[in-house]
Amino acid sequence: MPAVAALAVGVLAMGALAPSAAFAAARPDSVQQGLNALVHSDGLPAALATVKGREGRSRTYTAGLGDVATGSKVPRDGQVRIGSNTKTFTAVVVLQLVGEGKIDLDAPVETYLPGLVRGEGIDGRHITVRQLLQHTSGLPDYESLVGEDILQHRYFEPRDLLDLAFRRKADFAPGTNWAYSNTNYVVAGLIVQKVTGRPLAEETDRRVIKRIGLRHTYFPAPGDVTIREPHPQGYHRDAAGAPLRDVTEIDPSAAWAAGQMISTNSDLNQFFTALLAGRLLPAAQLAQMRTTVPIGDTGAGYGLGLLSRPLSCGGVYWGHGGDISGYETRGGVTDDGRAANITVTSIPVGGAGTKHLESVVDTALCR
């Protein structure tokens with residue numbers, strides 16, 4: 001489903017950054033040109049971005065229309081559904097609990113959720129918490145079983161999602177391969193709830209959102225199909241050339257711990273910057289999070305809810321990215337403090353649009 005929090009992992013020592021004056025003159029042009037191309041060449045309704053230079057100065061950009069029906073402008077730094085970027089928030093909460101001695105990364109899932117993770121080739125006694133966060137568990141993904149129409153109208157409990165997933169057999173034996181699966185993060189979210197005795201949304205708000213002062217980020221409450229603050233409309237297109245359909249209002253519960261959250265590009269920059277700076281995790285847990293396994297031959301690596309992607313100017317950036325019905329987001333931060341997040345208001349049909357989006361992120365971080 002071009003819906004739930006599927007990450008299009010098609011996946012995504014730099015030279016000295018130009019002085020501030022050059023940054024002001026050059027960067028807006030290159031980033032703006034990239035956003036304009038996403039709208040005019042790739043046919044996406046809108047694109048919006050926030051870019052922060054190493055010196056700490058942020059700039060916001062927009063292109064296209066916030067509402068194709070009314071022709072309204074795109075709200076600068078508007079709220080969007082952030083899809084699988086939610087996974088990084090979930091992973092942070094799990095790793096905080098690891099640091100507190102309440103969860104063991106290498107303990108089996110069975111320790112926390114006895115009898116729950118069972119299916120053909122699936123056994124929670126042989127899957128560790130680490131394997132969930134790193135997508136090396138072999139758990140099958142439920143994503144394609146939740147269609148666009150179902151997503152718009154149905155509320156899912158997390159265990160409903162596991163019931164869907166476990167209709168399928170395991171993708172591989174735990175620890176023997178890597179495959180992206182939203183199911184991993186549904187299980188991780190349930191572990192958080194079991195260990196803390198509190199809803200995942202409350203723990204995420206208390207431990208992450210309020211802790212670093214994210215003012216435009218939240219985990220929608222059950223039944224909340226809206227986006228609270230100014231936002232561009234989100235759209236779905238069934239095929240190239242097909243008409244756009246407004247899917248702004250959906251029930252995101254089918255994404256839950258894997259992709260339910262709402263935020264802004266600037267809040268995502270703030271979140272990933274704080275995370276990499278060690279403001280959310282102890283050094284030991286942050287090091288575990290940044291320990292990656294390769295994603296095929298893409299040059300990208302997956303840690304514990306955190307991706308590293310190579311930059312054309314050298315080095316890597318750290319982030320995640322995410323797709324959910326109506327929105328696709330890409331971006332991240334570098335170790336020296338540069339940050340960029342870019343959102344388009346429809347998941348591109350085919351892989352070219354996503355590659356172009358990732359290219360604009362590279363431009364933003366390398367200029």
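User: Is K102 buried, partly exposed or exposed?

Analyst: Keep in mind that this model is predicted. Burial is read from relative accessible area, with buried under 20% and exposed over 50%. K102 has 45% relative accessibility, so K102 counts as partly exposed.

User: With which residue does the side chain of K102 meet in a salt bridge?

Analyst: Look for a Lys or Arg side-chain nitrogen within 4 Å of a carboxyl oxygen of Asp or Glu. Here the partner is E100, at 3.3 Å from N to O. E100 is partly exposed too, at 40%.

User: Which residues are linked with K102 and E100 in a network of salt bridges?

Analyst: R198, E202, E203, R206 and R207 are linked with them. The structure holds 19 salt bridges.

User: Are R330 and E328 buried or exposed?

Analyst: R330 is buried, with a relative accessible area of 0%. E328 is also at 0%, so E328 counts as buried. Their side chains meet in a salt bridge at 3.8 Å, N to O.

User: How far apart are the closest N and O atoms of D336 and R338?

Analyst: They are 2.9 Å apart, in a salt bridge. D336 is partly exposed at 29%, whereas R338 is buried at 3%.

User: Where is L97, and what is it in contact with beyond its neighbours in sequence?

Analyst: L97 sits in helix α2, residues 85-99. Leaving aside neighbours within four places in sequence, L97 touches K102, I103, V192, V195, T196 and R207. L97 has 0% relative accessibility, so L97 counts as buried.

Notes
Residues are numbered from 1 along each chain as its sequence is written. This is a predicted model: local features need pLDDT of at least 70, side-chain atom pairs count only at pLDDT 80 or more; totals for chains, interfaces and linings use all residues. Side-chain values use heavy atoms; hydrogens and water are left out. Helices (H or I, at least four residues) and strands (E, at least two) are DSSP runs, numbered from the N terminus. Buried means under 20% relative accessible area, exposed over 50%, partly exposed in between (1.4 Å probe, protein chains only). Contact means heavy atoms within 4.5 Å.
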